[in-house]
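Please walk through the model shown here, from a surface patch to a pocket and then to the charged pairs around it.

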Amino acid sequence: RHLERWHDDQDVVKCEAVSLARLGNRAAALQRFEHLTQQSPNDPDLQQRIAVLYQRGTTSADQENAVTAWRRLVRLSADESPEWYQAKLGIARGLVRMGQRQRAIEMIDLLKILHPNMGGPESRKAFAELRQEAAER
């Protein structure tokens, strides 16, 4: 009974998920984070953690799930916030990994037109490097 109560405590489940992720048990960590999003679907931290874990995967399905999570994070983040740019970069990265390089290039180019600052020097550099990677493949 005591363990059941702990398992339902969001902070404990989140801590468990983080620990599992750090230990390399991506599937179990994702399961815990997905469970938490049922209770807190608008938690940007959970969406980011899910997106990152999916993006570490090697399958096209992992990348599709990552893109979906990054898109949720875009909707939950303030426009042009660091989280918003990170999510946009995650979407583009997922597209590249799924073989949709041209789509990623178009997304990055449009972002550069609409938001020339691109989130600052580090973010701008990350987008430029990803665009170059997409163009070279």
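This is a predicted model: local features need pLDDT of at least 70, side-chain atom pairs count only at pLDDT 80 or more; totals for chains, interfaces and linings use all residues.

**From surface to pocket**

Leu-114 is exposed, at 55% relative accessible area. Residues are numbered from 1 along each chain as its sequence is written, and side-chain values use heavy atoms, without hydrogens and water.

Leu-114 sits in helix α7, residues 101-114. Helices are DSSP runs (H or I, at least four residues), numbered from the N terminus. Together with Leu-110 and Ile-113, Leu-114 forms a nonpolar surface patch of about 330 Å² accessible area. Patch members have over 30% relative accessible area and no salt bridge; nonpolar side chains (Val, Leu, Ile, Met, Phe, Trp, Tyr) are joined within 5 Å, like charges within 9 Å. The areas come from the Shrake-Rupley method with a 1.4 Å probe, and for residues only the protein chains shown count as cover.

Now turn to helix α4, residues 44-55, where Val-52 is found. Val-52 is partly exposed, at 28% relative accessibility. Val-52 and His-115 are 63 residues apart in sequence, and their C-alpha atoms are 24 Å apart in space.

Rolling a probe the size of a water molecule over the atoms shows where empty space is left. A pocket is an open set of points on a 1 Å grid over the protein atoms alone, where a 1.4 Å probe fits, with protein on both sides within 12 Å along at least five of seven lines; lining residues have an atom within 4 Å of a point. The largest pocket holds about 160 Å³ of space. That volume is the space filled by probe spheres set on the points, which are joined across faces, edges and corners.

Which helix gives the largest share of the lining? Helix α4 does, with five residues. Both α2 (10-22) and α4 supply at least two lining residues each. By class, the lining has five nonpolar residues, one polar and four charged.

Next come the charges. Side chains of opposite charge can pair when their charged atoms come close. The whole structure has six salt bridges, each a side-chain nitrogen of Lys or Arg within 4 Å of a carboxyl oxygen of Asp or Glu. One of them joins Asp-45 to Lys-14, with the closest N and O atoms 2.5 Å apart. Asp-45 lies in helix α4 and Lys-14 in helix α2, so this pair ties together parts 31 residues apart in sequence. Both ends are partly exposed: Asp-45 at 24%, Lys-14 at 23%.

Arg-49 and Asp-45 are four residues apart in helix α4, which means about one helical turn separates them. Shared partners join Lys-14, Asp-45 and Arg-49 into one network of salt bridges.

Another salt bridge links Arg-26 and Asp-62, with closest N and O atoms 3.2 Å apart. Arg-26 belongs to helix α3 (residues 26-39) and Asp-62 to helix α5 (residues 60-76), 36 residues apart. Here Arg-26 is partly exposed, at 25%, whereas Asp-62 is buried, at 11%.

Notes
Buried means under 20% relative accessible area, exposed over 50%, partly exposed in between (1.4 Å probe, protein chains only). Ala, Val, Leu, Ile, Met, Phe, Trp, Tyr, Cys and Pro count as nonpolar, Asp, Glu, Lys and Arg as charged, and the others, Gly among them, as polar.
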